Amino acid sequence: DGVVVSEKMESNKLDMDVTESEAETKETGAEQESIRESDSNILDVSSDSPREKHISIQRQLADLEKLADLNEAEKKPCPLCPEEKFKACYNHKLHRHLQNLHWKISVEFEGYRMCICHLPCRLVKPNVVGDQTFSKMGAHYHCIICSATITRRTDMIGHINRHVNKGETESRFITALAPKSSHEVLKESDADVQVHPNYSTPQKTDSYFNPKMKLNRQLIFCALAVLCEERKPIECLDAFGATGIMGLQWAKHLRSSVKVTINDCNENSVTMIRENCHLNKMKVIPKTKEDDTDETIEDGEENIGTIEVTKMDANVIMHLRSFDFIHLDPFGTSVNYLDAAFRNVRNLGIVSLTSTDISSLYAKAQHVALRHYGCNIVRTEYYKELAARIVIAAVARAAARCNKGIEVLLAVALEHFVLVVVRVLRGPSPADDSAKKIKYLIHCQWCEERIFQGGSNMVEENPYQQLPCDCHGSMPGKTAVVLGPLWSGALFNTGFLRRMLLETVQYGLEETQPLLKTLICEAECTTLKQFSIHVSADENKQEKCRWYIPCCCISKLTGFIAILCGPGKRKSNEAIRNATKRPKFENSAEHPAFYYNIHRHSIKGMNMPKLNKFLSYLSEAGYRVSRTHFDPMGVRTNAPLAQFKTILVKYSNPTYTGGQAEGTVHLTEDLQVGDHVQAAVDDKAGDGEILEDNKSGVTATITKDCSAPCAAD
């Protein structure tokens, strides 16, 4: 008993010698301990008031040893371990314990070490063993930035990295600004959005904003504006909101014509979307009555519009609700969301999708394209248009599974994305028509000639006969590959593009106008000199509006015309009905598929003509020709490849001035260039090819016989 009394007296003396600094640390530790007990895993960080850091966060090992008073030759307990885990010991043993356990496995951040803590700051669920109930104290780390407690070291490192990516590098234990001040405000098309400092290279938990996709957002806005002219109001969905910039632009410019719904499955993105709505004075429609108090803006501010913000999977919301306009812009491919998009989209609605998996679509990862799209592709000179047709084929198959067809309004493939905008046509007949336009492509790997396979299902003995070229007969081995399945129909709707161009003028989107003019010329297969925004604009609108007139209106229209024509004219009604059906199947002005690159087919040792001059030469020869947005040096034309090369050779100038080292050059005057070159292509020429200099009027015949004596000899 005397020994016990003496130990108690010594412990009392030690308690009296505790310094004031240690008492303060214990008080702060008790306060933090009471706060941490409120949450089981991660603490609430709602308050941003500065407070002292936890004792497990130190700069040096000596600072950690000062808490234990290792200078005195007495037994001291560990400041980061409870007495049940580590009993009091002498200096040398406690020093090894602090160094090998707490300091060695700490997490470093800006000169501080977050050591592992075994104090009862984080309680684990109690265990019941027999009649005894005890609670195990879990080892954990204290975050220096926020008041979170993390159990694993790897999770703590990831937690700190997320703070750094969000711009939260200052500790809340010191005077720091609120997290909202770290957001950067960007403005695009009169819409302000808050973004993280790392918006260009975000993490998976952050909201993504790409300034390079501004052109993509403007094209989608113009398509929605055209749809608003047809019917109002329109229920539109931005299935992957991120920062909400696209939905904000819709609601801010189109106002009451649209009912915007912005969806995202990420909680951080949904929070940022709501903040951006308040920033743009938009009223957020509460999803439930519980959120009614939080989703209204402050009194005294006028609401420009209303936006509904939802947090759910994109497939779920598209299955639950119907929309007139749906835009899909996920990370990578969008094939996983096509079935849900076409399930409930309304008739004559529009579905737009942006695919950013360009590595697979541009034939850099061919196995990924086969896995996602079920398509076999190779790298060709027209790889961008090939990518657009791959995406449209996947869209057409998804729509056909829902007994719906599509009409392609727009297809754009640029450096960073592939954008496809289609109109939905409900019914099995449009679905069959769309499915019939999905074909395979035969591509020659030698001369880049290409042609779609025929519609018959019969097996052909020699598929090479379908190609216009004769590479298989003159080259050894297999020279062609089968690509696809691909969309073989048109990629553009001229009337819809013209109406989009008018919307860009109305809303001042000057950056999009050059691209739309190029698309219109490409759809009509004309040059920019022949372009006119007013000529035939009404005709195109009437021609393309055949899909927009309901059947009941057509019947009333035919009855009204029959009354005007008078009785006894049954043939007039039949003629009117046939006239309304005829434009649906007539598509004589459809642009030719694919394009040729002028550099790919240039002749070595010859200077090519300027691209605009070459287009005029093809047009003078009687072919339809235009430039293409897919390739700045591409030419879209209905001319065969042999004629394309013929005209290119005809108007190319040689780079040399004297005679050649090989072959004999004979100068003649009255020779037909096109006939001789075409004969040489068909292997029916005699001994040479004819090359004409258009400027000098001199024609050179190069003899193919290498055994003939050279002119220089």
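This is a predicted model: local features need pLDDT of at least 70, side-chain atom pairs count only at pLDDT 80 or more; totals for chains, interfaces and linings use all residues.
Begin by colouring the protein chain by pLDDT, for which the mean is 76, with 68% of the residues reaching 70 or more. Select strand β14, residues 323-328, where confidence is highest at a mean of 98, and then strand β26, residues 665-668, where confidence is lowest at a mean of 32. Two stretches call for caution as you look around: over residues 288-300 pLDDT stays under 50, and the model has 15 contacts there beyond four places in sequence, while over residues 658-713 pLDDT also stays under 50, with 65 such contacts.

Next, display the open sheet of eight strands, whose order is β12-β13-β11-β10-β14-β15-β17-β16 and whose pairing is mixed. At its edges stand β12 (282-285) and β16 (404-413), and because each has a single partner strand, one side of each is left without a neighbour in the sheet. Neighbouring strands of this sheet are turned by 20° against each other on average, direction ignored.

Within the sheet, select residues 258-263 and residues 305-310, which are strands β11 and β13; they run parallel and are joined by four bridges. Here you can find Asn263 standing opposite Thr310 in β13.

Now move to a pair of helices, α6 (residues 214-230) and α16 (residues 494-507), whose axes come within 9 Å and cross at roughly 105°. Since angles of 65 to 115 degrees count as roughly perpendicular, α6 and α16 are therefore roughly perpendicular to each other. To see where they meet, show the side chains of residues including Leu219, Phe221 and Val226 in α6, and Phe496, Met500 and Tyr507 in α16. The residues of this contact divide into nine nonpolar, one polar and four charged.

The last stop is strand β24, residues 634-637, which is covered on both faces: Gly634 and Arg636 on one side, and Val635 and Thr637 on the other, are all buried. Select strand β21, residues 596-597, which pairs with β24 in the antiparallel sense over two bridges, and look for Asn597 opposite Gly634 in β24. Strand β23, residues 625-627, also pairs with β24 in the antiparallel sense, over three bridges, and Ser626 has Arg636 of β24 as its bridge partner. Finally, trace the chain from β23 to β24, which form a hairpin with six residues between them.

Conventions
Residues are numbered from 1 along each chain as its sequence is written. Side-chain values use heavy atoms; hydrogens and water are left out. Two strands pair if DSSP finds at least two bridges between them. Axes are lines fitted to C-alpha atoms, for helices over the stretch in contact, and angles run from 0 to 180 degrees between N-to-C directions. pLDDT is the predictor's confidence in each residue, from 0 to 100. Contact means heavy atoms within 4.5 Å. Angles under 35 degrees count as roughly parallel, over 145 as roughly antiparallel, 65 to 115 as roughly perpendicular and the rest as oblique. Ala, Val, Leu, Ile, Met, Phe, Trp, Tyr, Cys and Pro count as nonpolar, Asp, Glu, Lys and Arg as charged, and the others, Gly among them, as polar. Buried means under 20% relative accessible area, exposed over 50%, partly exposed in between (1.4 Å probe, protein chains only).
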